[in-house]
Amino acid sequence: MGRLSATVTKIVGNESEVEDDQGRTLRCDLRGRLFRRKRVRLAVGDRVEVELVEGEPPASEEDPPAEARGVIEAVRPRRNAMHRARDFKRDQVVCANVDQVLLVVAAFDPPYKRAFIDRVLVGLERDGIEACVVINKIDLADAEYRAFVEEDGEVYRRLGYRVLLVSAASGEGLEALRALMTGSLSAVVGPSGVGKSTLLNVLFPGVRLRTGEVSEADGRGRHTTTSAELIRLEGGGWVVDTPGLRAFGLWDLDLEELKQGFRELVELAPSCKFRDCAHNAEPKCAVRAAVEAGTVDEERYESYLKLRDDALASEAERQAARRR
Ligand SMILES: Nc1nc2c(ncn2[C@@H]2O[C@H](COP(=O)(O)OP(=O)(O)OP(=O)(O)O)[C@@H](O)[C@H]2O)c(=O)[nH]1
Ligand SMILES: [Mg+2]
Ligand SMILES: [Zn+2]
């Protein structure tokens, strides 16, 4: 029997669900040799090689997936890994091999906060994952506010991030978003109520149905799903779905990660007088000079200072806890 190449789509308890390159699902045990001896911790998105142990995988998606079982013989090296909030559980991988994170916010209802966007971007820089800032509900903006949103968008575009202004209600920007997602593995994150589910349902009408099916077939409550789940998109590609992603990006940041998470700081830091410049009150700081000259966006700099205060506070807390 030959080996199949597959993608891990789900992990529940001691089992994983994988989908081979023909779109067939099979279940694999996580208690095998590979996981005990080599201490591999699997995540959804992992590319694996599977040996069939029982029958053939079902011919179509309509057939029950539980029939086909396999053994994971090898896990390919990860291109990247997206980590969950660190205070939740240290270094837990939410998803491996992510092509991009779609950071969805809303123009209105609730209006986005630049500092939140910046914070999530810091986490993505740390994990080395591409980000696209998706500003939804643009239909709610009048001409003046829209111009303001466009300006914010330009700030991120100049830093090399992709930015899309979209509306699930009017359809604006949805073609571009669909094209971006098709054929890629995307993780959708963002605050509650910004329209993540609505967007996915409009873009890929099959998605809602499939998530419903999967959790019912499981017979377990949502909260027992300990990791993310990959959902196949019509036209190719995957989207990651997990309630836990709401907390994504809200971990404790350390000061070094923070500096590395702002592209403009990384670029300018070598020009600061001090090698370990915090870009705060130090003399001859190239970052502050650039803010004053208007070449670095002031709100981005304010985000940095605010996040730095947060990082300093949590570091002080950690140190106090250690002394106790
Ligand atoms: N005007 C307008 N309303 C929208 C748009 N997209 C979504 N909404 C509305 O925003 C509300 C929240 O949408 P959801 O899709 O549930 O938001 P969500 O991001 O999935 O929220 P959580 O699941 O709580 O994280 C719903 O009432 C939607 O109808 C849009 O483009 N324009
Ligand atoms: Mg939702
Ligand atoms: Zn500096």
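Ala, Val, Leu, Ile, Met, Phe, Trp, Tyr, Cys and Pro count as nonpolar; Asp, Glu, Lys and Arg count as charged; the others, Gly among them, count as polar. In these terms, the shell around ligand 1 holds 4 nonpolar, 7 polar and 3 charged residues. The structure is a predicted model. Around ligand 1 there are 14 residues, of which Ser192, Gly195, Lys196, Ser197 and Thr198 come nearest. Helix H5 spans residues 196–203. This helix gives the most to the shell around ligand 1, with 3 residues.

The description now turns to a sheet. An open sheet of 6 strands is present, with mixed pairing. Its strand order is S10-S9-S8-S11-S13-S12. Strands S10 and S12 (229–232) stand at the edges. Each has a single partner strand, so one side of each is left without a neighbour in the sheet. From one strand to the next, the twist averages 25°.

Several pairings within this sheet can be traced. Strand S9 covers residues 131–136 and runs parallel to S10. The two are joined by 4 bridges. Val134 has Leu164 in S10 as its bridge partner. Strand S8 (residues 100–106) is joined to S11 by 4 bridges, and these strands run parallel. Here Gln100 stands opposite Ser186 in S11. Strand S13 covers residues 238–241. It is linked to S11 by 3 bridges, again with the strands running parallel. Ala187 is paired with Val240 in S13.

A residue is buried if 20 or more other C-beta atoms lie within 10 Å of its own. Because 5 of the 5 residues of S11 are buried, the strand is largely enclosed by the rest of the structure.

Helix packing comes next. Two packed helices are described by the angle between their axes and the distance between the axes. Helix H2 comprises residues 114–127, and helix H10 comprises residues 298–323. Their axes come within 9 Å and cross at roughly 70°. Angles of 65 to 115 degrees count as roughly perpendicular. H2 and H10 are therefore roughly perpendicular to each other. The crossing of H2 past H10 is right-handed.

Helix H2 also contains Glu125. Glu125 has 17 C-beta neighbours inside 10 Å, so it counts as partly exposed. Glu125 and Gly261 are 136 residues apart in sequence. In space, their C-alpha atoms are 5.3 Å apart.

Backbone geometry is considered next. Most residues other than glycine have a negative phi, and most peptide bonds are trans. Asp109 is not a glycine, yet it has a positive phi of about 60°. The peptide bond from Asp109 to Pro110 is cis, with omega near 0°. Asp109 is found in the loop between S8 and H2, and Pro110 lies in the loop between S8 and H2 as well. Asp109 has 11 other C-beta atoms within 10 Å, so it is exposed. His279 is also a residue other than glycine with a positive phi, near 55°. This residue lies in the loop between helix H8 (263–268) and helix H9 (286–293). With 24 C-beta neighbours inside 10 Å, His279 counts as buried.

The loop between H8 and H9 also holds Cys285. Cys285 is buried, because 20 other C-beta atoms lie within 10 Å. The C-alpha atoms of Cys285 and Ala269 are separated by 8.1 Å. Along the chain, these two residues are 16 residues apart.

Another loop residue is Leu159, between helix H3 (143–158) and strand S10 (162–165). Leu159 has 16 C-beta neighbours inside 10 Å and therefore counts as partly exposed. Leu159 and Glu264 are 105 residues apart along the chain. The distance between their C-alpha atoms is 7.2 Å.

Key
Residues numbered from 1 in each chain as written. Chains lettered and ligands numbered in written order. Predicted model: local features only at pLDDT ≥ 70, side-chain atom pairs only at ≥ 80, totals over all residues. Near = placed C-beta within 6 Å. Buried ≥ 20, exposed ≤ 12 C-beta atoms within 10 Å, placed from the backbone. Pairing = 2+ DSSP bridges. Axes fitted to C-alpha atoms, helices over the stretch in contact; angles between N-to-C directions. Parallel < 35°, antiparallel > 145°, perpendicular 65-115°, else oblique. Left-handed = near helix turned anticlockwise from the far one by under 90°.
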